[in-house]
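This report describes selected features of the structure shown below.

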Amino acid sequence: MEQTEVMKPETLNDLIKVLHQIFSSDTVNVEEVQNLMESYESKPEEWMEYAQFDKFRYTRNLVDEGNGKFNLMILCWGEGHGSSIHDHTDSHCFMKLLQGQLKETLFEWPDHKINGGMTKKSERVLQENQCAYIHDSIGLHRVENVSHTEPAVSLHLYSPQFDQCNTFDQRTGHRNTVKMTFWSKYGERTPFVR
Amino acid sequence: MDVYEGLEGEKVLNLSRLNLDNLDLDDVGEERKRDTQQLFLVYNRFIMLPGSICHFSNLVFLDISCNRLAFICEDILRLSKLKTLVAKNNRLDEFSLPKDFGTMSLEVLNFSGNRFEEFPSEFLNLQRLQSLSLGGNRLKSIPAEIEQLTSGSKVLVYHGFRPECATKLYMQITVQLALQFSLMCNVILRHFSLIIQTQTDFTKLKHAALHILELLYLGGNSITSIPPELANLPYLSYLVLCDNRIQSIPPQLAQMNSLRSLSLHNNLLTYLPREILSLFQLQELSLRGNPLVVRFVKDMTYDPPSLLELAGRTVKSRNLPYKPEDLPGNLVRYLDLASKCPNPKCGGVYFDSCVRHIKFVDFCGKYRLPLMHYLCSPECSSPCSSNPQSDADSEDESSVPAHRMQKVLLG
């Protein structure tokens with residue numbers, strides 16, 4: 001079957017089904033995935049079980065492992081929660097807003113000699129249902145919920161899967177490899193095990 | 001799009017997004033009102049909290065966010081079981097609250113996105129409060145009364161039947177202990193004629209309000225400084241001060257052993273007090289968007305010490321004995337404030353007069369943060385400040401073991 005027309009997934013489960021189909025092939029059409037994810041209209045009752053917040057920092061909640069081809073997860077951002085500047089270990093990264101807003105700030109990869117901090121490329125505030133895309137070839141980013149009153153929820157797809165990345169100090173460009181963990185998997189809380 | 005957890009079914013009443021400006025709910029039966037434990041009135045047109053709210057006598061949770069509330073009436077005080085009150089995105093300020101608001105049993109209070117310019121004093125009386133959110137208001141300061149009692153009050157205990165023939169036992173204990181001690185002693189007073197006199201007026205003592213506060217969200221205001229009294233909240237684990245105008249952090253914050261997460265991003269900090277290294281429970285610290293000093297600034301200003309300070313230093317560094325009865329109370333308190341010079345090779349102390357020395361300390365071996373040292377004099381330099389212009393290696397005593405400060409959201 002031709003995949004030229006964008007099929008609008010009505011439910012989250014529909015979206016996951018179509019993603020499985022798309023990722024069964026070896027090549028990824030970035031635009032196709034981005035349009036597909038953007039076309040799903042967020043319905044909280046469909047993802048509420050994955051939206052588990054922590055008061056101290058943002059959480060990563062695994063939704064689907066995509067037959068090993070991708071990770072689909074829901075991130076929950078309390079008021080003021082943000083990430084450090086990070087890369088994506090050469091994987092494709094799609095980020096769709098399910099609730100609230102997130103500010104994304106893009107940065108250039110740091111040079112050896114940094115004076116005056118890492119270079120900001122651009123910033124924008126993503127609205128509900130919008131889907132952003134990033135890859136190491138585009139640059140690095142920081143994602144934050146700048147609202148002091150509203151929590152935010154986002155749906156992320158990473159392909160191929162990865163469990164570690166680099167974080168960067170904005171002032172010096174110094175990088176640090178970190179392992180990423182899940183707050184919950186398939187709706188079940190999974191405390192971090194060393 | 002309201003996402004909420006909680007009981008489903010009969011005990012939740014959701015009246016959100018109904019264009020309501022009154023709560024004359026004729027079609028909601030009296031029994032239903034009495035049974036309701038969670039009430040949502042989000043996204044309506046209320047200007048005042050409706051008086052009929054008191055009919056929901058068993059209400060535990062009330063969310064009246066995103067209305068036009070300018071005033072909360074006294075009727076709310078009749079909701080004796082109310083534990084959570086959420087009133088985000090309204091038009092409330094410090095004059096909107098009823099006088100006895102502080103007598104409520106609230107545990108969670110969220111007034112973010114309103115128009116508070118002053119920290120409402122009524123909040124300081126909420127004995128059961130665990131979580132307080134005032135993000136996105138117009139606060140200019142945090143009151144020192146946030147911890148109403150100072151610790152370290154002195155308690156004089158007379159043992160005996162009459163004060164004039166009593167043996168004085170002089171103790172310095174924390175106020176909380178003093179309170180318990182006095183309550184206990186009042187009970188046994190009649191039996192043992194134990195007389196207690198204190199320098200603190202016990203009639204004003206009560207358990208510190210906000211004593212059990214765990215979460216304090218003050219992000220997105222106009223706060224310029226942090227009172228050291230904030231450190232006296234013994235259970236505070238999550239403190240958010242991002243997006244304010246804070247220029248410095250009081251070193252007393254280092255006493256907050258309960259602090260797990262500290263949010264300071266987007267302020268006006270140029271350095272941090274070195275004491276911050278002692279917050280061993282701290283796992284998250286955000287510092288981005290502060291003008292943190294990157295290069296060592298060689299400009300060290302030094303005010304010569306006063307005679308009082310020199311005398312105090314002599315007393316302390318030579319361990320001259322003195323008893324509290326020997327000195328006026330203000331001098332005893334002054335001597336108690338002596339700080340040890342952080343230079344390990346120096347045995348000196350300082351009081352008010354100190355040299356600020358910004359030291360770059362390797363943080364978890366990864367980052368460089370400007371931490372402020374106080375030294376007793378410009379001559380008293382730390383061993384490895386010989387080349388302050390470069391990113392010098394940090395001293396052993398200042399380097400933080402890797403297991404501390406694990407997730408430092410810097411940059």
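## Helix packing in chain B

Two residues are in contact when heavy atoms lie within 4.5 Å of each other. The model under discussion is predicted. In chain B, the buried residues of helix H4(B) pack against helix H3 (307-317). Helix H4(B) spans residues 329-336, and its buried members are Val332(B), Tyr334(B) and Leu335(B). Viewed down the axis of H4(B), these buried residues fall within an arc of 160°, so they line one face of the helix.

## Nonpolar cores

In soluble globular proteins, nonpolar side chains tend to be buried together. Here the largest nonpolar core comprises 69 residues, and Leu41(B), Phe101(B), Leu109(B), Phe111(B) and Phe123(B) have the most contacts inside it. Beyond its neighbours within four places in sequence, Phe123(B) contacts Leu97(B), Phe101(B), Leu109(B), Phe111(B), Leu132(B), Leu134(B) and Leu210(B). Another core, of 27 residues, lies apart from it and includes Phe23(A), Leu72(A), Ile74(A) and Val153(A).

## The seven-stranded sheet of chain A

Chain A contains an open sheet of seven strands in the order E7-E4-E9-E2-E1-E12-E13, with mixed pairing. Its edge strands, E7 (131-134) and E13 (188-189) of chain A, each pair on one side only. Helix H2 (residues 30-39) of chain A packs on the sheet, where H2 touches E4 (92-99), E7 and E9 (152-159); the direction of H2 makes about 10° with that of E4(A).

Strand E2 (residues 71-77) of chain A has seven of its seven residues buried. Strands E2(A) and E9(A) run antiparallel and are joined by seven bridges, with His156(A) as the bridge partner of Met73(A). E1(A) and E2(A) are also antiparallel, joined by five bridges, and Asn61(A) stands opposite Ile74(A). These two strands form a hairpin with six residues between them, and Gly66(A) in the turn has a positive phi of about 50°. By contrast, E1 (residues 59-64) and E12 (residues 184-185) of chain A pair in the parallel sense over two bridges, Leu62(A) being partnered by Lys185(A).

## Ser112(B)

Ser112(B) is located in the loop between strands E5 (108-110) and E6 (131-133) of chain B. Its relative accessibility is 0%, and Ser112(B) therefore counts as buried. The side chains of Ser112(B) and Asn110(B) are joined by a polar contact of 2.7 Å.

Not counting residues up to four places away in sequence, Ser112(B) touches residues of chain B, among them Ala87(B), Lys88(B), Asn89(B) and Ser133(B), as well as His148(A) and Thr149(A).

Technical notes:
Residues are numbered from 1 along each chain as its sequence is written. Chains are lettered from A and ligands numbered from 1 in the order in which they are written. This is a predicted model: local features need pLDDT of at least 70, side-chain atom pairs count only at pLDDT 80 or more; totals for chains, interfaces and linings use all residues. Side-chain values use heavy atoms; hydrogens and water are left out. Buried means under 20% relative accessible area, exposed over 50%, partly exposed in between (1.4 Å probe, protein chains only). Helices (H or I, at least four residues) and strands (E, at least two) are DSSP runs, numbered from the N terminus. The arc is that of the directions from the helix axis to the C-beta atoms. A nonpolar core is a set of buried Ala, Val, Leu, Ile, Met, Phe, Trp, Tyr and Cys residues joined through side-chain atoms within 4.5 Å. Two strands pair if DSSP finds at least two bridges between them. Axes are lines fitted to C-alpha atoms, for helices over the stretch in contact, and angles run from 0 to 180 degrees between N-to-C directions. A polar contact is a pair of N or O atoms within 3.5 Å; within protein, one must be able to donate a hydrogen and the other to accept it, and residues adjacent in sequence count only if both atoms are side-chain atoms.
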